[in-house]
Amino acid sequence: MRVQDLARSEGINAGTIRHYVRIGLLQAPKDDNGYHNFGRTEQQRLRFIRQARDLGFTLDDIQTILQEAEKGKSPCPVVRHLIEPRLVEARKRLLEMQAMVERMESAMQSWQSLPDCQPCGDHLCHLIEGSDHETLAGQDQTACRSGDNCCVQ
């Protein structure tokens with residue numbers, strides 16, 4: 001089957017398959033017209049690559065695992081060794097994501113009482129940029145530091 005057929009059957013982007021061929025993770029003979037002809041072996045290898053990626057292995061990790069298997073050795077010891085730093089990285093990203101969720105929740109809460117503003121010389125969106133605004137006495141407007149009346153309350 002050709003790249004498009006393999007991509008469709010596996011629910012993956014054809015560009016991803018082409019990338020895997022370029023870097024040597026997938027190998028398929030070419031037909032007389034120069035198209036890669038993928039068979040069952042390459043399809044199974046692609047599934048393995050996707051499963052490894054789903055577990056957090058990098059493409060370099062996967063290349064190492066495949067090289068061990070191609071030597072006729074069990075790649076399992078390598079897999080056990082390689083997953084440890086991937087787990088550490090995943091835990092770090094999880095903590096970073098949890099911190100971002102907290103920042104987002106805090107921002108949503110504090111933004112509820114702030115006015116909508118037009119972009120001006122001080123900001124594009126004061127909610128994100130945190131520009132200081134002052135409520136003008138007796139008016140339904142706020143002012144930026146520059147004195148622009150860009151916000152309506």
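From the N terminus onward, the elements of the protein follow the order α-α-α-α-α-β-α-β-β-β, which amounts to six helices and four strands; here helices (H or I, at least four residues) and strands (E, at least two) are DSSP runs, numbered from the N terminus. The model is a predicted one, in which local features need pLDDT of at least 70 and side-chain atom pairs count only at pLDDT 80 or more, while totals for chains, interfaces and linings use all residues. Residues are numbered from 1 along each chain as its sequence is written, and side-chain values use heavy atoms, with hydrogens and water left out.

Taken as a whole, the protein has 153 residues, of which 27% count as buried, a word that stands for under 20% relative accessible area, with exposed meaning over 50% and partly exposed lying in between (1.4 Å probe, protein chains only). The accessible surface of the protein comes to about 10800 Å², and 51% of this surface belongs to carbon and sulfur atoms; such areas come from the Shrake-Rupley method with a 1.4 Å probe, and for residues only the protein chains shown count as cover. If one takes the contacts (heavy atoms within 4.5 Å) between residues at least 6 apart in sequence, 39% of them join residues at least 24 apart.

The structure holds seven salt bridges, each being a side-chain nitrogen of Lys or Arg within 4 Å of a carboxyl oxygen of Asp or Glu. One of them pairs Glu10 with Arg47, whose closest N and O atoms are 2.9 Å apart. This pair links distant parts of the chain, since Glu10 lies in helix H1 (residues 3-10) and Arg47 in helix H3 (residues 40-54), 37 residues apart. Glu10 is buried, with a relative accessible area of 10%, whereas Arg47, at 38%, is partly exposed.

Another salt bridge joins the side chains of Arg86 and Asp61, at 2.5 Å from N to O. Here too distant parts of the chain are linked, with Arg86 in helix H5 (residues 76-111) and Asp61 in helix H4 (residues 59-70), 25 residues apart. Both Arg86 and Asp61 are buried.

A further salt bridge is formed by the side chains of Lys71 and Glu68, where the N to O distance is 3.5 Å. Lys71 is exposed, with a relative accessible area of 54%, while Glu68 counts as buried at 16% relative accessibility. Elsewhere, salt bridges that share partners join Asp61, Arg86 and Glu89 into one network.
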